[in-house]
Amino acid sequence: MTKDADGATPLIAVDRANFAAVADALGATVRRWCAANGFAGEAGRFVLVPDADGAAGVVLAGCDAREGVFALASLPPRLPEGRYTLDARGLALDAGDVALGWALGAYQFTRYRKPARKPAQLVIDDAVAARVEALAAAAYQVRDLVNTPTEDMGPAELAGAVRALAERHGAQYREWVGDELLAANFPTIHAVGRASHRAPRLAELTAGSAGAPHLVLVGKGVCFDTGGLDIKPSDGMRWMKKDMGGAAHAIALASLVLAAKLPVRLTLLVPAVENAIAGNAYRPGEVVTTRAGISVEVDNTDAEGRLVLCDALAYAAEHKPDLILDFATLTGAARVALGPDLPALFANRDDVAGALLEAAQATRDPLWRLPLWRPYLAMLDSHVADLANAGASRHAGAITAALYLERFVPDAQAWAHLDVYSWNDADKPGRPRGGEAQGLRAYFEFLRRRYS
């Protein structure tokens, strides 16, 4: 995006319903050009009409206004390089939505290769920039963190992103590394990460006035998940660099909160580990006594995310905050139930869940609530410990995972959990294949409304 409108090509958004009227208003030459190109306002198509000198005169872009943010998001990598300005002669699209979708569609992950071309630029004014630049940057951060391979995004590097955020905003930072986790009573984080050659750690950022409402964000930071001794098959392991997507969301949301200066006392917690295989890997059947004093039998070493989260949640609850929000690429069951685009929301307060869903609708950033159906907790029974981290049943896997986490949150504590995919399996307008921010805009809108 750019603020330089000099020489920008007008871009007129049309659909089938208004195409004829717009084309008539533009004149016979434009009508004939569109007819010659077989264009009649179809969504996803565009036609570039040259001026008398053969340069780009105007672009007519077909879209479906119901797509909101993504209505024109396919254009940045498809239009010729240059500057474009949204023209008022077309559909009355929200300028902020268009700009945000344009930014999301212009994203390229360039750490390991040069881009094939520069994306087309959209001209925006200062007011639109103020609305969307931080949101776009946060989405880019999630994508960059998730897309980076584990060799360059291990526990230390992920914690480094938290440290960099703290330095940028003058926040406090500390971390517990390796055996320091045991000394500080974070046994499950240590157990999951101890087999890796890169030490597990817990990163903590704190900022804001001690008298402000306390908000705690927790993100699952499993930088790679082999499944542990319950090893994943190769196709299940292939994209496990993305298993720190929950941490990426928590970090990006914290950056939005800090940049907006919301009046909160913010704590960000990222347990960062690699679930690897070695002689000292934790084993099925082991019992770990967690920070909360709840003993957990390891039924499956591939249900590791809930183990690293439970110590972080227990630590968060000790502060008795106003609200705890956790994010995790936790279960394949959530994807089976809702598919890749709908993050599964769980909350122990109806008012919190309702406000999150309202914010999701307002931002067109979908969430879908699933129940904390407590009778299903029996599926996690253990005959040797207080709780098992998984069970034999394949039913309701997303719900039982959320119920496991809920055991580590006191009844009086408001809490919500988001089981998020953090990934696009294929290219879609504004959503290129790879790492993805899902629910991020909804959560920030929810927090803005709650604390402003």
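This is a predicted model: local features need pLDDT of at least 70, side-chain atom pairs count only at pLDDT 80 or more; totals for chains, interfaces and linings use all residues.
Residues are numbered from 1 along each chain as its sequence is written. Local features need pLDDT of at least 70 and side-chain atom pairs 80 or more, while totals for chains, interfaces and linings use all residues, and side-chain values use heavy atoms, leaving out hydrogens and water.

Reader: Is Leu-229 buried, partly exposed or exposed?
Author: Buried means under 20% relative accessible area, exposed over 50%, and partly exposed in between (1.4 Å probe, protein chains only). Leu-229 has a relative accessible area of 38%. So Leu-229 is partly exposed.

Reader: Where does Leu-229 lie?
Author: Helices (H or I, at least four residues) and strands (E, at least two) are DSSP runs, numbered from the N terminus. Leu-229 sits in a loop. That loop is between strand S9 (221–225) and helix H8 (234–237).

Reader: Which element gives the most to the lining of the largest pocket?
Author: The top giver, with 5 residues, is H11.

Reader: How many charged residues are in the lining of the second largest pocket?
Author: Asp, Glu, Lys and Arg count as charged; Ala, Val, Leu, Ile, Met, Phe, Trp, Tyr, Cys and Pro as nonpolar; the others, Gly among them, as polar. The lining has 15 nonpolar and 7 polar residues. Its charged residues number 11.
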